[in-house]
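Hello,

Here is the structure for you to look through. My notes on it follow below.

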Amino acid sequence: MGGRPFGLVINLNYKDNNGNSFQDAVFNQTVTITEREDGLDGETIFMYVFLSGLGLLVAVGLHQLLESRKRRRPAPKVEMGTSSHNDVDMSWIPQETLNQISKLDFSVCIY
C-alpha cells in the first residue's frame with residue numbers, strides 16, 4: 001500500500017537577550033507516511049461485525065416468518081354452557097333456592 005504525503009513544517013520561536021521575538025523555519029518539506037500492512041484495521045473489523053449482525057437479523061426475521069406461517073391459530077372456543085338441565089347436578093343447591101327458581105317465569109327475564 002502506498003504512503004500518504006503530508007507537508008511538515010517545524011518552526012522555531014525564540015527571543016534574544018533584548019526581548020526581540022524571532023521565528024525560523026527549521027524544517028519545511030513533504031514527508032510520506034506509510035501504514036503497516038500486518039494485522040487488521042478497524043474498518044475491516046467493523047465491516048465484518050456489521051455484516052454478521054445483519055445476517056443474524058435476516059436469519060431471525062426469516063425464522064419468525066416461517067414459524068408464523070406454519071402455526072395457524074385455532075378458532076377460539078366459545079363456552080356453550082349446559083345443553084340441557086339434565087346435565088346439571090342440582091344436589092348441592094339448597095332446597096329453598098330450588099323452590100324459588102321453579103316459581104320464576106323465565107320468559108319475562110331479559111338478560
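M47 is found in helix α1. Helices (H or I, at least four residues) and strands (E, at least two) are DSSP runs, numbered from the N terminus. M47 is partly exposed, because its relative accessibility is 40%. Buried means under 20% relative accessible area, exposed over 50%, and partly exposed in between (1.4 Å probe, protein chains only).

The model is predicted: local features need pLDDT of at least 70, side-chain atom pairs count only at pLDDT 80 or more, and totals for chains, interfaces and linings use all residues. Residues are numbered from 1 along each chain as its sequence is written, and side-chain values use heavy atoms, with hydrogens and water left out.

The overall layout comes next. The chain has two helices and two strands. From the N terminus on, they run β-β-α-α. Of the 111 residues in the chain, 1% are buried.

Now the patches. M47 belongs to a nonpolar surface patch of about 1000 Å². Its other members include F46, F50, L54 and L65. Patch residues have over 30% relative accessible area and no salt bridge; like charges are joined within 9 Å, nonpolar side chains (Val, Leu, Ile, Met, Phe, Trp, Tyr) within 5 Å. Areas come from the Shrake-Rupley method with a 1.4 Å probe, and for residues only the protein chains shown count as cover. A salt bridge is a side-chain nitrogen of Lys or Arg within 4 Å of a carboxyl oxygen of Asp or Glu.

There is also a negative surface patch, formed by E35, E37, D41 and E43. Asp and Glu count as negative. The place of the charge is CG of Asp or CD of Glu. E43 lies in helix α1, which covers residues 42–70. E43 counts as exposed because its relative accessibility is 66%.

Last, the rings. Aromatic rings pair if their centres lie within 6.5 Å; planes under 30 degrees apart count as stacked, over 60 as edge-to-face and the rest as tilted. The count is two aromatic pairs. Y14 and F22 are stacked, at 5.5 Å centre to centre and 25° between the planes. F46 and F50 have centres 6.3 Å apart and planes at 20°, so they are stacked. Both lie in helix α1, four residues apart, about one turn of the helix. F46 is exposed, at 58% relative accessibility.

Best wishes

Key:
Phe/Tyr/Trp six-rings, centres within 6.5 Å; stacked < 30°, edge-to-face > 60°.
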